[in-house]
Amino acid sequence: MTEIPAGLRIFGFGGHARSVADVALASGIRQLCFADANARDGESFQGFPIVRAFASVLPEGWACFPAAGDNRQRQAQVEAITAQDWPIATVIAPSATVGVGTVIGAGTFIGHHAHVGPMAVVGKGCILNTGSIVEHDCVVGQFTHVSVNTVLAGASRLGDFVFAGTGSTVIDKCSVCDDVILGAGTVVVKPITQSGTYAGVPARQVR
Ligand SMILES: CC(C)(COP(=O)(O)OP(=O)(O)OC[C@H]1O[C@@H](n2cnc3c(N)ncnc32)[C@H](O)[C@@H]1OP(=O)(O)O)[C@@H](O)C(=O)NCCC(=O)NCCS
C-alpha cells in the first residue's frame with residue numbers, strides 16, 4: 001500500500017476478496033467494508049460488514065479495491081469505481097518485495113511473499129498472487145492474474161486478461177499475448193501469439 005487509507009471498500013466477497021482483506025489488514029488498514037450483490041442481511045467477515053451495495057458517499061480517507069478473481073469482472077469493478085470518481089488503492093503485502101523502478105497500476109494486488117523485480121511494469125487491476133515472481137523488466141498488461149507460485153522470468157511479457165495458472169512459468173524474454181489461459185504447471189518456452197488455453201511442458205494449445 002503506497003498510502004494507507006483509513007478504510008477500504010472491497011468490491012466482491014469471493015475467495016480473492018478474503019485474500020485482499022487479509023493483506024489489507026496486514027498492511028495496517030483498520031476498517032473494511034465489502035459489497036456483494038448476494039450478501040445476506042447482517043452478514044460480516046471478521047467483524048467487517050458485507051453489504052449488497054455501497055452508499056453513494058465514500059467516507060473521508062477511504063479508498064476502493066476491485067477484488068473479483070475473474071479478470072473481466074475485475075475490469076467492470078474498476079470501471080464502476082472510476083465512474084464514481086473514488087480513489088483506487090494498490091494493495092501490497094508487507095512480505096512482498098518490489099524492486100526499484102517498478103510501476104504498479106491502480107487496483108493491483110500483490111500477495112504475501114510475492115516478488116516484483118526491478119523495472120517491471122504491471123498494469124491496472126492485476127493479481128500477483130501469493131509467492132508469485134515477476135522478475136526484472138517484465139511487463140504485465142492490465143486485468144491479468146498471475147496465480148500462486150507462478151514465475152515470470154526476466155523481461156518476459158504477459159498481455160491483458162491473461163490467467164496464468166498456479167505454478168506456471170514463462171521463460172525469460174518470452175511473451176504471451178492477450179486473452180490467454182495457462183494451465184497449472186505450464187511452461188511457456190516460445191512466444192504465444194494467439195489467444196486460447198495452453199497447458200503442459202512445453203506449453204501446447206489445448207483449447
Ligand atoms: C488449463 C485448464 C484451464 C483447462 O481447463 P478446461 O478448459 O476445463 O480443459 P480440460 O480440463 O477439459 O483439459 C483439456 C485438455 O488439457 C489437459 N490439461 C488441462 N489442464 C492441464 C494442465 N494444467 N497441464 C497439462 N495438461 C492439462 C487435459 O488433460 C485435457 O487433455 P485431453 O484433451 O488430452 O484429455 C485447467 O485444467 C487448469 O489448469 N486451470 C488452472 C487452475 C489454477 O491454476 N487455478 C489457480 C487459482 S489461484
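The following legends describe close-up views of a predicted model. Local features are described where pLDDT is at least 70, side-chain atom pairs count only at pLDDT 80 or more, and totals for chains, interfaces and linings use all residues. Residue numbers start from 1 along each chain as its sequence is written.

**View A. Two domains of the protein chain.** The protein chain is divided into domain 1 (7–89) and domain 2 (92–198), with bounds that come from an automatic or database domain assignment. A distance of 23 Å separates the C-alpha centres of domain 1 and domain 2.

**View B. The side of domain 1 that touches domain 2.** Here 14 residues of domain 1 are in contact with 15 residues of domain 2; contact requires that the C-beta atoms of two residues, placed from the backbone, lie within 7 Å. On the domain 1 side, the elements giving two or more residues are α1 (15–26), β5 (62–66) and α2 (71–83). Helices (H or I, at least four residues) and strands (E, at least two) are DSSP runs, numbered from the N terminus. This side of domain 1 comprises seven nonpolar, five polar and two charged residues. In this division Ala, Val, Leu, Ile, Met, Phe, Trp, Tyr, Cys and Pro are nonpolar, Asp, Glu, Lys and Arg are charged, and the others, Gly among them, are polar.

**View C. An open sheet of five strands.** The strand order is β3-β4-β2-β1-β5, and the pairing is mixed. Because β3 (44–45) and β5 stand at the edges, each with a single partner strand, one side of each has no neighbour in the sheet. Strands count as paired if DSSP finds at least two bridges between them. Five bridges join β1 (residues 7–11) to β2 (residues 31–35) in the parallel sense, and R9 has C33 of β2 as its bridge partner. The parallel pairing of β2 with β4 (residues 48–51) rests on two bridges; A35 is bridged to V51 of β4.

**View D. Helices lying across the strands.** Helix α1 lies across β1, β2, β3 and β5 and runs at about 170° to β1. Helix α2 lies across β1 and β5, at about 155° to β5. Axes are lines fitted to C-alpha atoms, for helices over the stretch in contact, and angles run from 0 to 180 degrees between N-to-C directions.

**View E. Residues around the ligand.** The ligand is surrounded by 14 residues, of which the closest are G165, T166, G183, A199 and V206. The shell divides into five nonpolar, eight polar and one charged.

Notes:
Near = placed C-beta within 6 Å.
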